[in-house]
Amino acid sequence: MQQQTDLELIADTLAGKTASYALLVNRHKRFVFTMALKFVKNREDAEEVAQDCFVKAYKALGTFKQTAKFSTWLYTIAYTTAMTHLRKKRLPTNSIDEENSHLQLQHSISSYRADDVEKKSKYVYLNLAISQLLPDDAAIITLFYQAEQSLEEIAETLHMESNTIKVKLHRARIRLKEKLQVMLKEEVKELL
Amino acid sequence: MKTMEEQLWDYIDGLTTEAERQVLESKIANDPQFRDQYHALLAIHQMMQQNELEEPSMSFTRNVMEQVALEPQPLVLKTKVDPRVIYSIAAIFILGIFSLLIYTLSNSTLSMQEMAMPTLNVQVNLNMTELVNTMALRVFFCVDILLALIYADRLLRSRKSGRNFKEA
C-alpha cells in the first residue's frame, strides 16, 4: 500500500480524521525530538518541547499554506518552541569563543573520558560536540545533516538569509571540528 | 579570499563551480596538506550524515494525541470563493462605469456656454406651533415608555436564561 503524503494526511486531519495527525506525528517525531534535544539538553524537557510543538502545529494546521513543505513549516515551529523554552528556562548558552567555554569543555570531557573511551561510539562524542555549540549553530547542523534540508530551506525555517546560513554552517563546522579534536585527542585520527 | 577549509567544505557540499572543482581536485591529488585536510573534513561530513536521529519515548505519539483531543478541530482559513467570481463582478462594475461614461459623453454638447453651474432653490416654511402640540408630545412619550418596557423585558429574560445556563 502506498504511503500517504504529508499533504494528504493534513487534508484528512482538516476533514476531521484526527488519526491521520497521529501518522504525521509518527513520521516527524524523531527529528523534532532531536532538534529539541539540541536546545534543552535533557530528554524530559526535550520531549515536552517536542510535544508542545506538535500541539501548536495541530492548532495552526488551518493556516498552513500547502504550497510550502510541511517539514519546513513544522521545523520552524519546533525551532521557535525550543527557543521560547530556552528563554523561559534561561539556560546558559556559551559559545566556544567565550573565555570560560574551554574550561567547561575540559570539565565535561574529563567526565566523559573517565568512562571507558573504547566503549563510547564516535557518535556519542559527535553529539556531545554538537550540544556544546550555540543553539543556532546546533540547529543549523541538525537541519543540514539530519533533516537534509538545503541552505534555502534552513534559511526559511530560521527566518535568516541563505548566505548567513552558509557562513554560520561553515563556522559551526569549524567549531565542531575543534571540539572533536580537543575531546578525542589521540583517538581523533582513528575515529575520523 | 576563501580559506582552504572553506574551499573544501564548498567542494564537499557540491557548492563549487566546475572550474573551482577541477582546481580543488588537482590540489587534493597533488598537495599532501590539502589532501589530509580534505580527508579529515570528509570524515566529519560522513559522520554527521550517518548520525542517527534520537528516539523519543514510546508514549510520545499517544501523549500528543491526548493533548490534541482537547483542542478544537483546526479550520482552513482560506476563502472558498472562486477568484473567477470576483473577477466577473469587477468586470461588470468596470463595464457599467465605462458605459455610463460613454453615454454621458455622447449625450453632452460640450460647449462652454451651456456649462453654467446648476442652482437649487428650496423654500422651507414650517410652523413649529402646529407640529409640537399636546397630542404629539403624548404620542412621543407613549412610544418612549413602550420601547423602555420592551428593552427591560428583554434584559430580564436574557439574565434569567444566563442564570439557568450556569446552574445547568
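Glu148(A) sits in the loop that joins α7 and α8 of chain A. This is a predicted model, and in it Glu148(A) has a positive phi of about 50°. Glu148(A) is not a glycine. Most residues other than glycine have a negative phi. Is Glu148(A) buried or exposed? Glu148(A) counts as exposed, because it has 11 C-beta neighbours inside 10 Å, and the cut-off for exposed is 12 or fewer.

## The loop between α8 and α9

His159(A) lies in the loop between α8 and α9 of chain A. Its phi is also positive, near 55°. His159(A) is a residue other than glycine. Count the C-beta neighbours of His159(A) inside 10 Å and you get 9, so His159(A) counts as exposed.

## Chain A as a whole

Chain A has 10 helices and 0 strands. Read from the N terminus, its elements run α-α-α-α-α-α-α-α-α-α. The chain has 192 residues, and 36% of them count as buried.

Consider the contacts in chain A with a separation of 6 or more. Residues 24 or more positions apart account for 65% of these. One pair shows how sequence and space can differ. Tyr125(A) and Leu180(A) are 55 residues apart in sequence. In space, their C-alpha atoms are 7.1 Å apart. Tyr125(A) belongs to helix α6 of chain A. It counts as buried because it has 21 C-beta neighbours inside 10 Å, where the cut-off for buried is 20 or more.

## Helix α1 against helix α2

Two packed helices are described by the angle between their axes and the distance between the axes. Start with helix α1 (residues 6–14) of chain A and α2(A). Their axes come within 7 Å and cross at roughly 150°. The crossing of α1(A) and α2(A) is left-handed.

Which residues of α1(A) and α2(A) meet? From α1(A) come Asp6(A), Leu9(A), Asp12(A) and Thr13(A). From α2(A) come Thr18(A), Ser20(A), Tyr21(A), Leu23(A) and Leu24(A). By class, the contact of α1(A) with α2(A) has 4 nonpolar, 3 polar and 2 charged residues.

## Helix α2 against helix α4

Helix α2 (residues 18–40) of chain A also packs with helix α4 (residues 70–89) of chain A. Their axes come within 9 Å and cross at roughly 30°. That angle makes α2(A) roughly parallel to α4(A), because angles under 35 degrees count as roughly parallel. The crossing of α2(A) past α4(A) is right-handed.

On the α2(A) side, the residues are His28(A), Val32(A), Met35(A), Ala36(A), Phe39(A) and Val40(A). They meet Ser71(A), Leu74(A), Tyr75(A), Ala78(A), Ala82(A), His85(A) and Leu86(A) in α4(A). Sorted by class, the residues of this contact of α2(A) with α4(A) are 10 nonpolar, 3 polar and no charged.

## A look along helix α4

How far does α4(A) reach from its first C-alpha to its last? The span is 28 Å for 20 residues. That is close to the 28 Å expected at 1.5 Å a residue.

Several residues of α4(A) are buried. They are Ser71(A), Trp73(A), Leu74(A), Tyr75(A), Ala78(A), Tyr79(A), Thr81(A) and Ala82(A). What covers these buried residues of α4(A) includes α2, α3, α7 and α8 (151–158) of chain A.

Chain B has 7 helices and 0 strands. Along its sequence the pattern is α-α-α-α-α-α-α. Chain B has 168 residues, and buried residues make up 7% of them.

The contact takes 35 residues from chain A and 28 residues from chain B. Which elements of chain A give two or more residues to the side that touches chain B? They are α2, α3 (43–59), α6 (122–131), α7 (135–146) and α9 (162–184) of chain A. Helix α2(A) gives the most to this side, with 11 residues. The residues on the side of chain A that touches chain B divide into 19 nonpolar, 9 polar and 7 charged.

Methods:
Residues are numbered from 1 along each chain as its sequence is written. Chains are lettered from A and ligands numbered from 1 in the order in which they are written. This is a predicted model: local features need pLDDT of at least 70, side-chain atom pairs count only at pLDDT 80 or more; totals for chains, interfaces and linings use all residues. Axes are lines fitted to C-alpha atoms, for helices over the stretch in contact, and angles run from 0 to 180 degrees between N-to-C directions. Helices (H or I, at least four residues) and strands (E, at least two) are DSSP runs, numbered from the N terminus. Angles under 35 degrees count as roughly parallel, over 145 as roughly antiparallel, 65 to 115 as roughly perpendicular and the rest as oblique. A crossing is left-handed if the near helix is turned anticlockwise from the far one by less than a right angle, and right-handed if clockwise. Two residues are in contact if their C-beta atoms, placed from the backbone, lie within 7 Å. Ala, Val, Leu, Ile, Met, Phe, Trp, Tyr, Cys and Pro count as nonpolar, Asp, Glu, Lys and Arg as charged, and the others, Gly among them, as polar. The expected span of a helix is 1.5 Å times one less than its number of residues.
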